[in-house]
Amino acid sequence: MYKTFYPKAEDISQDWVLVDANDQTLGRLVTQIATVMLGKHKPEFTPGVDVGDYVIVVNAKHIRVTGNKLDDKMYHRTSGRPGGLKSINLRGLLEKNPAQVIEKAVWGMIPHNRYGRKLMKKLRVYAGPDHPHAAQNPKPIEDLLPSSEE
């Protein structure tokens, strides 16, 4: 008889992972970040159980995108009032708040429920190369995920 494995709290180890976004393509980078945050790179992955790692992203302002996305991709928000729709393109958001570009892209790749909101608290994004999490000894993401350049 087979039993379904369900990780207990003492079985779960959540590490810190450092991602350098310098000259990386936005979508390809964010898929790796979402995979690590969900814990899909671990053998004890179970859907709906938080087995993922904390992720620190540095150099968010040096992210790359392909095609005409800098001018064509739009981010919208509304106040809910008549005439309250505000829009900004990717180029404007990168100038104003580059960390928000990566946060919005990661949010689009994880579940949109309580579990997803809990996962988003495990993401730290910084526009420059410095971060205040040196005490956690973050590992580079290249050590966790297999290389796709084969």
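At what angle do helix 1 and helix 4 pack, and how far apart are their axes? In this predicted model, in which local features need pLDDT of at least 70, side-chain atom pairs count only at pLDDT 80 or more and totals for chains, interfaces and linings use all residues, the angle is about 60° and the axes lie 9 Å apart. Residues are numbered from 1 along each chain as its sequence is written, and side-chain values use heavy atoms, without hydrogens or water.

The chain holds 5 helices and 6 strands, taken as DSSP runs numbered from the N terminus (helices, H or I, at least four residues; strands, E, at least two). Along the sequence their pattern is β-α-β-α-β-β-α-α-α-β-β. The C-alpha trace spans about 60 × 35 × 35 Å along its principal axes.

Axes are lines fitted to C-alpha atoms, for helices over the stretch in contact, with angles from 0 to 180 degrees between N-to-C directions. Helix 1 and helix 4 are therefore oblique to each other, the class left after roughly parallel (under 35 degrees), roughly antiparallel (over 145) and roughly perpendicular (65 to 115). The crossing of helix 1 past helix 4 is right-handed, that is, the near helix is turned clockwise from the far one by less than a right angle. In this contact (heavy atoms within 4.5 Å), Leu26, Val30, Ile33 and Met37 of helix 1 meet Val101, Ile102, Ala105 and Val106 of helix 4. By class, these residues are 8 nonpolar, no polar and no charged; Ala, Val, Leu, Ile, Met, Phe, Trp, Tyr, Cys and Pro count as nonpolar, Asp, Glu, Lys and Arg as charged, and the others, Gly among them, as polar.

The second largest pocket has a volume of about 240 Å³. A pocket is an open set of points on a 1 Å grid where a 1.4 Å probe fits, with protein on both sides within 12 Å along at least five of seven lines, and lining residues have an atom within 4 Å of a point. Its volume is the space filled by probe spheres set on the points. The lining comprises 14 residues, with Leu26, Gly27, Lys73, Tyr75 and Ala105 nearest the centre. Helix 1 (26–38) and helix 4 (98–107) each supply at least two lining residues, and helix 4 gives the largest share, 3 residues. The lining divides into 7 nonpolar, 3 polar and 4 charged residues.
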